[in-house]
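Let's take a friendly walk through a protein model, one piece at a time. Have a look at the picture first, then read on.

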Amino acid sequence: MKTPGVVRCDVVVVGGGPAGIAAGTRAAEAGADVIVIDSAARPGGQIWRHRDRTSLPRLARRWIERSERAGVKWVLEATVIDGSAEQGRVTVTTREGTHLVSAPKTIIATGARELFLPYPGWTLPNAMGVGGAQAMLKGGLGVEGKRVVVAGSGPLLLPVAAAMARSGARIVAFAEQVSSLKLATFGLSLWGQPEKILLAARYGSAVPVRAYHSGVWVERADGDRRVEMVTLTNGTRRWTEPCDLLCCSYGLVPGTELARLLGCAVIDGCVVVDAFQRTTVAGVFSAGETTGVAGDSASIAEGEIAGIVAAGGDSVRVPGELHRRRNQGIRFAARIANTFSPRAELLTLARPDTVVCRCEDVRFGQLDPTWTARQGKLYARVGMGPCQGVVCGPGLAHVLGWPAGSIRPPLFAPLLGEWISDEATVDASPDPAA
């Protein structure tokens, strides 16, 4: 895709994580001409982010190499900013310009992103999300000797804390907002999945026992030019921890922007799919964490199903093992959502001067809870910045109860010249009536 214009294929996959790789690979192995689009510089998505392929887990290397053998075409460092299910196309911006990728089948595998709930000090330098910290660590962030607080909620906390500790950081506090009783119940529910229990135990062993807290959350962060101190609370008592790096977020929310733009039904924040990963829009499939956060095994199974069906049509036979893993993932996603849902106290942490929209520097006191998300945009410009509400939108949906607003292109902010060139690509053909 060196020259801007129209590129055609049989199946276009948006998202290059485990689900997208599996979907593209299976479709290509079935004989389809496949393009996979991802914003990263290398295949793998966030969970398999890497600088050197040798550092990847064996499963990741195996799938990436399999995709290459199958003939999957990769378009990396690219962003999908528009799409039309009716016309069977997505609009992609790259360093070379804007392209239209036309395909009769689209598979959405755009993964999930972190949920941020605003609290005083969350925008200070060295305060970041748990997943963001993981990505930076994989990118070479040096943390040796630094005092780190890992806080928030969800299964991602333990592996990130373990990775920080292995890289030489001092974990001074590990704060999971869920109570110990709910965590124990969740652990018991994994009895039939010993591999998950063993993995959690291995990660947990890297966290000092004295630093581990359940039923505890970050109340605020303070510092002059960066985070220097974090206040933790269990609702009854509060204390402070000196800190060089704060990693805090509250689980993951599916990335449904493209699915919503294409008209796919979304319920409880997840794209609605049938047993074959077909959405409510003909020709559009969705796989992985867009349909519910359940981990890489379930994402791969969903991706395989989507790729097989997209390439082979309704008459194709899907192996029963894939359906078994998919259904197991659905049950696991439900347990995660039920266990790690944010407690009510987290929704009242923001003060009137707390920034809630980082792009537009909107303060919590500028917002009216009776507004809709659209009114927030019109009156206070919340969600109108470069991230288009990706960071602040889910948090405000939790804190203020705002339902998701309307979606329109561009999904993410492109360079002005790229957006204009896309319009020219679409509309520059001569009018036959002229």
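## Before we start

Two strands count as paired if DSSP finds at least two bridges between them. Helices (H or I, at least four residues) and strands (E, at least two) are DSSP runs, numbered from the N terminus.

This is a predicted model, in which local features need pLDDT of at least 70, side-chain atom pairs count only at pLDDT 80 or more, and totals for chains, interfaces and linings use all residues. Residues are numbered from 1 along each chain as its sequence is written, and side-chain values use heavy atoms, with hydrogens and water left out.

Strands of a sheet pair through backbone hydrogen bonds, either parallel or antiparallel. Here, four strands make an open sheet with mixed pairing, in the order β1-β7-β6-β5. At its edges lie β1 (6-8) and β5 (79-84), each of which pairs on one side only. From one strand to the next, the twist averages 25°; the angle runs from 0 to 180 degrees between N-to-C directions, and axes are lines fitted to C-alpha atoms, for helices over the stretch in contact.

Follow the chain from β5 into β6: these two strands form a hairpin with four residues between them, and Gly88 in the turn has a positive phi of about 65°. β5 and β6 are antiparallel and share five bridges, with Gly83 partnered by Val90 of β6. Next comes another hairpin, where two residues separate β6 from β7. Strand β6 (residues 89-94) and strand β7 (residues 97-102) are antiparallel too, over six bridges. Val90 has Val101 of β7 as its bridge partner, while Thr94 stands opposite Gly97.

## Which way do the side chains of β6 point?

In a regular strand the side chains alternate between the two faces of the sheet. In β6, Arg89, Thr91 and Thr93 point one way, and Val90, Val92 and Thr94 point the other way. Six of the six residues of β6 are buried, where buried means under 20% relative accessible area, exposed over 50%, and partly exposed in between (1.4 Å probe, protein chains only).

## Two helix pairs

Two packed helices are described by the angle between their axes and the distance between the axes. Helix α1 (residues 18-29) and helix α8 (residues 296-312) pack at about 30°, their axes 7 Å apart. The two are therefore roughly parallel to each other (angles under 35 degrees count as roughly parallel, over 145 as roughly antiparallel, 65 to 115 as roughly perpendicular and the rest as oblique). Among the contact residues are Ala19 and Ala23 of α1 and Ile300 and Gly303 of α8; contact means heavy atoms within 4.5 Å. By class, this contact has eight nonpolar, three polar and three charged residues. Ala, Val, Leu, Ile, Met, Phe, Trp, Tyr, Cys and Pro count as nonpolar, Asp, Glu, Lys and Arg as charged, and the others, Gly among them, as polar.

The axes of α3 (residues 130-138) and α4 (residues 157-166) come within 10 Å and cross at roughly 35°. Val130, Ala133, Gln134 and Leu137 of α3 meet Leu157, Val160, Ala163 and Met164 of α4. These residues divide into seven nonpolar, one polar and no charged.

## A covered helix

What lies over helix α11 (residues 392-400)? Its buried residues are Cys392, Pro394, Gly395, Leu396, Val399 and Leu400, and their cover includes β18 (252-254) and β22 (355-357). Just after α11, Gly401 takes a positive phi of about 75°.
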